[in-house]
Each structure stands twice: as C-alpha cells, then as structure tokens.
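I opened the model to look up its surface, its helices and its aromatic pairs. My entries follow in that order.

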Amino acid sequence: MFKKFVCGCVCIIALSGCATFKTLDTDLPLNQRMFVYSGTRLDWSALTKNQAALKKIKVTPPRYPLVDLPLSFALDSIFFPLAVFAEIFQ
C-alpha cells in the first residue's frame, strides 16, 4: 500500500511540472510552437543553459530538468505520431 502511495505521489509531482505538458499547453499560436520532442528540448536547453533555445521555446523550464528529462522523453515518444501530424498539418 505504501509503495503505491509513493509511486502515485511521484507521478503527480512529476506531471505537475512536466516540460512536455508545459510546451504543449502554452498560449503561443500554433505556427510558433514546436511539437516534436518539445519537452525533451526544453529540459535539455535548461540543463545546458542554452538561453537562445529557451527564448525560442518561450516556456519556463521545470525546476528540476534532470529529474523531468526521462519522463518528458517517455511522454514525447508516446506523443510522437501526433506531434509529427501537428507539425506537418498546422
């Protein structure tokens, strides 16, 4: 029971600051958004302190990008077919 509780808490905390959801749920117009691996790009830009990429993405990175990177990569991989579709037909 405790193991499920801890796992649920970790999932809730991770999803609340997930870079993938932040980049997909932004107020930018569709033609200015990046869809393909956008959360992973945001995390990587925050880790490498790439200010040019962070300005291009226009979303604040999560507090702990190193913790969020594997979760964002997994979610971006799941959303990959939809992201490609959105990039092609936007």
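I began with the surface: the protein chain exposes about 6500 Å², and carbon and sulfur atoms supply 71% of it. Accessible areas come from the Shrake-Rupley method with a 1.4 Å probe, and for residues only the protein chains shown count as cover.

I noted the conventions next. This is a predicted model, in which local features need pLDDT of at least 70 and side-chain atom pairs count only at pLDDT 80 or more, while totals for chains, interfaces and linings use all residues. Residues are numbered from 1 along each chain as its sequence is written, and side-chain values use heavy atoms, with hydrogens and water left out.

I looked up burial. Of the 90 residues of the protein chain, 32% count as buried (under 20% relative accessible area, with exposed over 50% and partly exposed in between; 1.4 Å probe, protein chains only).

I looked up the secondary structure and found 6 helices and 0 strands, in the order α-α-α-α-α-α from the N terminus. Helices (H or I, at least four residues) and strands (E, at least two) are DSSP runs, numbered from the N terminus.

I checked contacts (heavy atoms within 4.5 Å). Of those with a separation of 6 or more in the protein chain, 62% are between residues 24 or more positions apart.

I then took α5. It has 14 residues and spans 19 Å from first C-alpha to last, close to the 20 Å expected at 1.5 Å a residue (1.5 Å times one less than the number of residues). A kink of about 25° in α5 is centred on Leu 71; the bend at a residue is the angle between axes fitted to the seven residues ending there and the seven starting there. The buried residues of α5 include Leu 69, Ser 72 and Asp 76.

How many aromatic pairs are there? I count 4, by the rule that rings of Phe, Tyr and Trp (its six-membered ring) pair if their centres lie within 6.5 Å, with planes under 30 degrees apart stacked, over 60 edge-to-face and the rest tilted. Phe 21 and Phe 79 have ring centres 6.4 Å apart and planes at 65°, so this pair is edge-to-face. Phe 21 lies in helix α2 and Phe 79 in the loop between α5 and α6, 58 residues apart. Phe 21 is partly exposed at 37% relative accessibility, and Phe 79 is partly exposed at 26%.

Tyr 37 and Phe 80 form a tilted pair, 5.7 Å centre to centre with 45° between the planes. I also recorded that ring pairs link Tyr 37, Phe 73 and Phe 80 into a cluster.
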